[in-house]
Amino acid sequence: MPLIAILPGDGIGPEVTSQARRVLEALGLDLQFEEAPVGGAGYLAAGKPLPDATLALAKRADAVLFGAIGDPRFDALERRLRPEAALLAIRRELGLFANLRPATLFAGLEDASALKPEVVAGLDIVIVRELTGDVYFGEKGHRTTMEGLRQGFDVMSYDEGEVERIARVGFEMAKRRKKKLCSVDKANVLETSQLWRDVVNEMSVQYPDIELTHMYVDNAAMQLVRRPTDFDVIVTGNLFGDILSDQASMCAGSIGMLPSASLSAWSGANGMYEPIHGSAPDIAGQGKANPCAAILSAAMLLRHSLVDEASALRIEAAVAAALAKGARTADLGGSLSTSAMGDAVLTELQ
Ligand code: ATP
Ligand code: MG
């Protein structure tokens, strides 16, 4: 029986993951759930943001459903004890190298987007961001002083294996969608991007049905605002993906609607699934948070880790149907509580 680790975390994390759990339970699948504290809650329970038992559970599980972490009470702690440290540690321990961020605009929510309704109507794209390489991760960067002038260096690097495994995720994703893959780089100036482009082109012969395009990141940023619905799947590196995925989420509307997945393989392997929003301390404990991002994250969990596309689609259809009937939390201009929104989705699931 598949084991789902639920790590609710801080702030609204527990409020939204409990609704996602209800939805998973209502599917009538043979699933087993186990919860453990993480983030500020982990620090309170065991003196560190990622308690040993929590990490062990995450590793043992078939998939991890994550809430949110961050708690202003712990902002003054040293970095390794702060709630946010848990996220990086789990990513590393589970080998999660691919971050998937769908930006979907559900019908009726066009006004929630930062863009004009007619520009974003029907928006349904996925950004696939590489999560382990590129210019991040400190050991390659350093600071010095040269003739009295302070200098900082960061090293951007990719090897072909790293590009191949993320490109694979992009192609596989496009294969199951509208068969369009846009690879985003800066190959006019960066060596890493030229390698990236070569590797993606070489892989494309294995995917003759996929329409592959390449775009420079500056142009991609512009096109995402101008005609976002032209995209299907975007695959890109860590730094560009960091920026573009936040930009895309604003095209899609409320932060309370957007799920994400972090994968160690395209499918059938352990992964971590979480809303893109944070712990939202300003509304925590008030029962106001929109649980849809967490519920849609559970759908991604079923799709990727449990390879159950049919159940994933059932959840996504239930969310769409609840919204179509007018179910709205406060962030969407409505007045439903977190659990009432969960009820509305459950009703559509039956
Ligand atoms: P982090 O650093 O963890 O990303 P943050 O403060 O930058 O935290 P969020 O916690 O995502 O960002 O909150 C940003 C804003 O969005 C807040 O005003 C919050 O109340 C709102 N918000 C976030 N998630 C939700 C949600 N699920 N439902 C309703 N409002 C939300
Ligand atoms: Mg934030």
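This is a predicted model: local features need pLDDT of at least 70, side-chain atom pairs count only at pLDDT 80 or more; totals for chains, interfaces and linings use all residues.
A residue is buried if 20 or more other C-beta atoms lie within 10 Å of its own. Ile-90 sits in helix α4, which spans residues 85-94.

Beyond residues up to four places away in sequence, Ile-90 touches Leu-50, Ala-58 and Met-272. Ala-58 is 32 residues from Ile-90 along the chain. Their C-alpha atoms are separated by 7.9 Å.

## Two domains

The protein is divided into two domains. Domain 1 is made of two segments, 1-96 and 260-350. Domain 2 covers 114-251. The domain centres, taken over C-alpha atoms, are 25 Å apart.

Contact between the domains involves six residues of domain 1 and five of domain 2. On the domain 1 side, four of the touching residues are nonpolar, one is polar and one is charged.

## The largest nonpolar core

The largest nonpolar core holds 103 residues. Which members touch the most others? They are Val-64, Leu-65, Val-128, Ile-234, Tyr-273, Ile-295 and Ala-298. Helix α10 (residues 292-304) gives the most to this core, with 10 residues. The core draws at least three residues from each of domain 1 and domain 2.

Val-64 shows some of the packing. Leaving aside neighbours within four places in sequence, Val-64 is in contact with Ala-5, Leu-7, Ala-58, Met-272 and Tyr-273. Ala-58 and Met-272 are also among the residues that Ile-90 touches.

Helix α8 runs over residues 217-226. Which of its residues are buried? Val-217, Ala-220 and Leu-224 are. Seen down the axis of α8, these buried residues fall within an arc of 50°, so they line one face of the helix. In general, an α-helix has 3.6 residues a turn, so residues three or four places apart point the same way. The buried residues of α8 pack against β8 (180-185), β9 (211-216) and α9 (238-252).

On the other side of α8, Asp-218, Met-222 and Arg-226 are exposed. Gln-223 also belongs to α8. Gln-223 has 16 other C-beta atoms within 10 Å, so this residue is partly exposed. Gln-223 is 55 residues from Gly-278 in sequence. In space, the two are 27 Å apart, C-alpha to C-alpha.

## Ala-220 in the buried face

Ala-220 lies in α8. Why does Ala-220 count as buried? Ala-220 has 24 C-beta neighbours inside 10 Å, and the threshold for burial is 20 or more.

Leaving aside neighbours within four places in sequence, Ala-220 is in contact with Val-184, Met-215 and Leu-244. Val-184 is 36 residues from Ala-220 along the chain. The C-alpha atoms of this pair are separated by 7.0 Å.

## Around ligand 1

Ligand 1 has 15 residues around it. Gly-256, His-277, Gly-278, Ala-280 and Asn-290 come nearest. By class, the shell divides into seven nonpolar, six polar and two charged residues.

Ala-280 is found in the loop between β12 (271-275) and α10. Is Ala-280 buried or exposed? Ala-280 is buried, because 23 other C-beta atoms lie within 10 Å.

Ala-284 lies in the loop between β12 and α10 as well. With 18 other C-beta atoms within 10 Å, Ala-284 is partly exposed. Leaving aside neighbours within four places in sequence, Ala-284 is in contact with Gly-11, Ile-12 and Ser-279. Gly-253 is 31 residues from Ala-284 in sequence. The C-alpha atoms of Ala-284 and Gly-253 are 21 Å apart in space.

## Positive phi angles

Most residues other than glycine have a negative phi. Ala-280 has a positive phi, near 45°. Glu-147 has a positive phi too, near 50°.

Where is Glu-147 found? Glu-147 is in the loop between β6 (142-146) and β7 (149-153). Glu-147 has 5 C-beta neighbours inside 10 Å and so counts as exposed. Ala-280, by contrast, is buried.

Conventions
Residues are numbered from 1 along each chain as its sequence is written. Chains are lettered from A and ligands numbered from 1 in the order in which they are written. Domain bounds come from an automatic or database domain assignment. Two residues are in contact if their C-beta atoms, placed from the backbone, lie within 7 Å. Ala, Val, Leu, Ile, Met, Phe, Trp, Tyr, Cys and Pro count as nonpolar, Asp, Glu, Lys and Arg as charged, and the others, Gly among them, as polar. A residue is near a molecule or strand if its C-beta atom, placed from the backbone, lies within 6 Å of it. Helices (H or I, at least four residues) and strands (E, at least two) are DSSP runs, numbered from the N terminus. A residue is buried if 20 or more other C-beta atoms lie within 10 Å of its own, exposed if 12 or fewer, and partly exposed in between; C-beta atoms are placed from the backbone. The arc is that of the directions from the helix axis to the C-beta atoms. A nonpolar core is a set of buried Ala, Val, Leu, Ile, Met, Phe, Trp, Tyr and Cys residues joined through C-beta atoms within 7 Å.
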